[in-house]
Amino acid sequence: MNNGELNLNGLQYLIDDMKVGDTWRVFKILAEFVEGFETLSKVGSCATVFGSARVREGDYDYELARKVGRLLADEGIAVMTGGGPGIMEAANRGAFEKGGRSVGCNIELPYEQKPNPYTNISISFNYFFVRKVMLVKYSRAFIIMPGGFGTLDELFEAITLIQTRKIKPFPIIMMGSDYWKGMLDWVKESMLSKGFIHPSDLDLIQMQDDPYEAVEAVKRFLAK
């Protein structure tokens, strides 16, 4: 058979390779979007706190995130996280202990991630991309604390969406200058020096170590 001939007995086009299970998965994805929109649309002004799932109670970063959660709740700002342990738990816990709105958008994983008990609004997702849409859509600020690949993913996703004007600008506050300094130095020395980003792109990020200043930056933005 010539390459240009239609192979009626085989699979020639990508769409032909979609299995019945794959097509039904579209409805599962749609259901997650619908549930997410319906659940989170009532949350109100919300700041999302990101960070490692692997820190424990008593660690400096855990207690800092807990403080941030308390301060946000004091200002009537809902705290949203990925719903899991570590820094996510700490931020939710701080808001929960203050009687504030504490939201967890949990992702179902075969290990590590389990919903923390400090939320009064909780929703679970199978798909990372659905959860990422929810975190961006319903957040008015991102507070990025020390974390791993997932934290970096959320950080650069938000920067990219703002940079490309896919979403309205909102504060992206990185907490922990000692932790983030090396990465930001590399961004300036490599990405910026080669012209891969514009100098104004660096203005999309704020660096804070003081939880009061971080929450004040969120408060100022919401007051606009």
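Trainee: Is Arg 66 buried or exposed, and what surrounds it?

Mentor: Before the answer, note that this is a predicted model, in which local features need pLDDT of at least 70 and side-chain atom pairs count only at pLDDT 80 or more, while totals for chains, interfaces and linings use all residues. Residues are numbered from 1 along each chain as its sequence is written, and side-chain values use heavy atoms, with hydrogens and water left out.

Arg 66 is buried, because its relative accessible area is 12%, and buried means under 20%, exposed over 50% and partly exposed in between, for a 1.4 Å probe and protein chains only. Arg 66 sits in helix α2, which covers residues 60–74; helices here are DSSP runs of H or I with at least four residues, strands are runs of E with at least two, and both are numbered from the N terminus. When neighbours within four places in sequence are set aside, Arg 66 is in contact with Glu 57, Ala 90, Ala 91, Arg 93, Gly 94 and Glu 97, where contact means heavy atoms within 4.5 Å.

The helix that carries Arg 66 also packs against helix α7 (residues 211–222), the two axes coming within 9 Å and crossing at roughly 40°. That angle makes α2 oblique to α7, since angles under 35 degrees count as roughly parallel, over 145 as roughly antiparallel, 65 to 115 as roughly perpendicular and the rest as oblique. The axes are lines fitted to C-alpha atoms, for helices over the stretch in contact, and the angles run from 0 to 180 degrees between N-to-C directions. The crossing of α2 past α7 is right-handed, a term used if the near helix is turned clockwise from the far one by less than a right angle, with anticlockwise giving left-handed. On the α2 side the contact is made by Leu 64, Lys 67, Val 68, Leu 71 and Leu 72, and on the α7 side by Pro 211, Tyr 212, Val 215 and Val 218. By class, this contact of α2 with α7 has eight nonpolar, no polar and one charged residues, with Ala, Val, Leu, Ile, Met, Phe, Trp, Tyr, Cys and Pro counted as nonpolar, Asp, Glu, Lys and Arg as charged, and the others, Gly among them, as polar.
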